[in-house]
Amino acid sequence: MNSKRSELSDQYKRAAQHLNETERKIAQVSDARLRKLLGLSAAERLKAIDDTDLVASDRNKLRNSLLVSLRPKMGISIRWRFTRLFRRASHSIVPRAAASVILIALAVPSGIAIYLAWSNTGTMITVPSDIYVEWMLPSGEVKKLKIAAGHRVAVVKQLNGSHLLRYWLSNEGYATARVNLVD
């Protein structure tokens, strides 16, 4: 029984040595094939990507060499990045610029209209006693009218010590007059 055991043990050792020798030879063949493939162009390496002579680790090295060779060169890469950045910026700048122009086109006339309305809006005062003032009517006629105490008139502007008053006349519109007011 010992002899069979030792015989089996010897066969196992020889098989293990044969296996190690075979794996070493396969690795040598794969390494030689990889060196040969690395000397070829990228297109030929791509065709040989599934070569059966290559072991898994050498096949990965071949794939990595393809990835490195397919990357754009640094100058091309920088140019491409600049182009991509310019496109991305122009896509966001053009609509914003158009919206800004439209906003300015709407805001400027609106601002002017608001300023004119504000500058022509008078301060309302109540007349403390009856006054007689020469009023310029909307028709262009000048009339001396009495404003009774308690009525309200609008003081629109102050011009060189005198004030411009406005008074609403029904069915005619605003009458205007220049008067000196005592504060």
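Mentor: One term to begin with: relative accessible area (1.4 Å probe, protein chains only) makes a residue buried under 20%, exposed over 50% and partly exposed in between. This is a predicted model, so local features need pLDDT of at least 70 and side-chain atom pairs pLDDT 80 or more, while totals for chains, interfaces and linings use all residues. Residues are numbered from 1 along each chain as its sequence is written, and side-chain values use heavy atoms, without hydrogens or water.

Trainee: OK. Where is Leu-19 found, and why does it count as buried, exposed or partly exposed?
Mentor: Leu-19 is in helix 1; helices (H or I, at least four residues) and strands (E, at least two) are DSSP runs counted from the N terminus. Its relative accessible area is 47%, so Leu-19 is partly exposed.

Trainee: What separates Leu-19 from Asn-120?
Mentor: Their C-alpha atoms are 105 Å apart, and the two residues lie 101 residues apart along the chain.

Trainee: Back to helix 1. How do the axes of helix 1 and helix 3 cross?
Mentor: The axes of helix 1 (residues 2–38) and helix 3 (residues 56–70) come within 10 Å and cross at roughly 10 degrees. The two helices are therefore roughly parallel (an angle under 35 degrees).

Trainee: Which residues meet there?
Mentor: Helix 1 brings Ser-30, Asp-31, Leu-34, Leu-37 and Leu-38, and these meet Asp-58, Lys-61, Leu-62 and Ser-65 of helix 3. By type, the residues of this contact are four nonpolar, two polar and three charged.

Trainee: Take Ser-30. Why does it count as buried or exposed?
Mentor: Ser-30 has 0% relative accessibility, so it is buried.

Trainee: And what does it touch?
Mentor: Apart from neighbours within four places in sequence, Ser-30 is in contact (heavy atoms within 4.5 Å) with Asp-53, Leu-54, Val-55 and Asp-58. A polar atom of the Ser-30 side chain also lies 3.0 Å from the backbone nitrogen of Val-55.

Trainee: What about Asp-58, buried or exposed?
Mentor: Asp-58 sits in helix 3 and is buried, at a relative accessible area of 5%. Not counting residues up to four places away in sequence, Asp-58 touches Ser-30, Asp-31 and Leu-34.

Trainee: Different topic. How many residues has the largest nonpolar core?
Mentor: The largest core has 13 residues; a nonpolar core is a set of buried Ala, Val, Leu, Ile, Met, Phe, Trp, Tyr and Cys residues joined through side-chain atoms within 4.5 Å. Trp-135, Ile-147, Val-153, Leu-165 and Tyr-167 have the most contacts inside it. The elements giving two or more residues to this core are strand 2 (131–136), strand 4 (152–159), strand 5 and strand 6. There is also a second, separate core of seven residues, including Leu-37, Leu-54, Leu-62 and Leu-66.

Trainee: What does Ile-147 touch?
Mentor: Beyond residues up to four places away in sequence, Ile-147 touches Val-127, Ser-129, Asp-130, Ile-131, Trp-135, Val-153 and Tyr-167.

Trainee: And where is Ala-148?
Mentor: Ala-148 is in the loop between strand 3 (142–147) and strand 4. It is partly exposed, with a relative accessible area of 25%. Setting aside neighbours within four places in sequence, Ala-148 contacts Val-127 and Asp-130.

Trainee: Last one. What is the phi of Asn-171?
Mentor: Asn-171 has a positive phi of about 70 degrees, although it is not a glycine. Asn-171 is in the loop between strand 5 (162–169) and strand 6 (173–179), and it is exposed, with a relative accessible area of 83%.

Notes: Axes fitted to C-alpha atoms, helices over the stretch in contact; angles between N-to-C directions. Parallel < 35°, antiparallel > 145°, perpendicular 65-115°, else oblique. Nonpolar A, V, L, I, M, F, W, Y, C, P; charged D, E, K, R; others polar. Polar contact = N/O pair within 3.5 Å; in protein donor to acceptor, adjacent residues only side chain to side chain.
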